[in-house]
Amino acid sequence: MRKSVISIIVPTYNSEGFLEKNIKIIISTAKKLKTPFEIIIAEDGCSDRTPKIAEKLSKKYSCVFHQHYKEKLGRGRALKKAFMRAKGNIIVYMDDDLATDLVHLPELMHPVLDDGFDVVTGSRLMVGSKVIGRPAKREIASRAFNFFVRLLLHSRLYDHQCGFKAFKKNTVKPILPAVKDSHWFFDTEILVRAQRRNLRVKEIPVIWQDDLRESTVHFLKDAKNMGMKIFRLWFEFSFSHK
């Protein structure tokens, strides 16, 4: 497995203020892994200078590829398209703000590279995790969301929405057509479906720093939306014999 190629997908939207700096950090960290890698900037219909910055980075670094869409597809759909074009047999994705400390990158990948796991996901809610600067209402909403995912969708995981995940491509790729969500619920849906397919899934505690920039998440609207998506998946699993 040491001859594996790693595809690191960075979904991004309007990140002109920090994208270049963070891609350079990812490159520096990935080089230490001593494993061939590529970085795919999955840039989703941005309205700022992010596309120009991503294109510049792709020309400067041979390991960086820019996936651009003029219209906004949604985070989940952009990730799915990046999965399909990735050359690596190990796929990692992480948030563009690097909220999860990259000190955990080896811990994320080695269970897939060496220990036979199909999926590894970061967790902000396990014992040993450390969350910095997260407002109380976000913390409460996150715990409530994950409680209902465990209760209704029978997941064994504690945190489904942490944007720090690794996958064995050949076992996870067949799941992608069934993943319907095109936005933030993509993270949860792919983990739940992986468990239902009896793939080996591992959760690791991480250090996570809340992004205190103005958020595109609208608390009440998105809480309702995510709740409806849990019930949509529960309904599918309850009444489908597939």
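Let's start with I175, which sits in the loop between helices α6 (169–172) and α7 (186–196); helices (H or I, at least four residues) and strands (E, at least two) are DSSP runs, numbered from the N terminus. This is a predicted model, where local features need pLDDT of at least 70, side-chain atom pairs count only at pLDDT 80 or more, and totals for chains, interfaces and linings use all residues. Residues are numbered from 1 along each chain as its sequence is written, and side-chain values use heavy atoms, leaving out hydrogens and water.

Is I175 buried or exposed? I175 is buried, at 1% relative accessible area (buried means under 20%, exposed over 50%, partly exposed in between, with a 1.4 Å probe and protein chains only). Leaving aside residues up to four places away in sequence, I175 touches R193, A194, R197 and L199, where contact means heavy atoms within 4.5 Å.

Now for the sheet. Its 7 strands make an open, mixed sheet in the order β3-β2-β1-β4-β7-β5-β8; two strands pair if DSSP finds at least two bridges between them. β3 and β8 are at the edges with a single partner strand each, so one side of each has no neighbour in the sheet.

| Edge strand | Residues |
|---|---|
| β3 | 64–69 |
| β8 | 201–205 |

Further in, β1 (residues 6–12) and β4 (residues 90–94) pair in the parallel sense over 4 bridges. There, I9 has Y93 in β4 as its bridge partner. Helix α3 (residues 75–85) packs on the sheet, touching β1, β2, β3, β4 and β7.

Technical notes:
Axes are lines fitted to C-alpha atoms, for helices over the stretch in contact, and angles run from 0 to 180 degrees between N-to-C directions.
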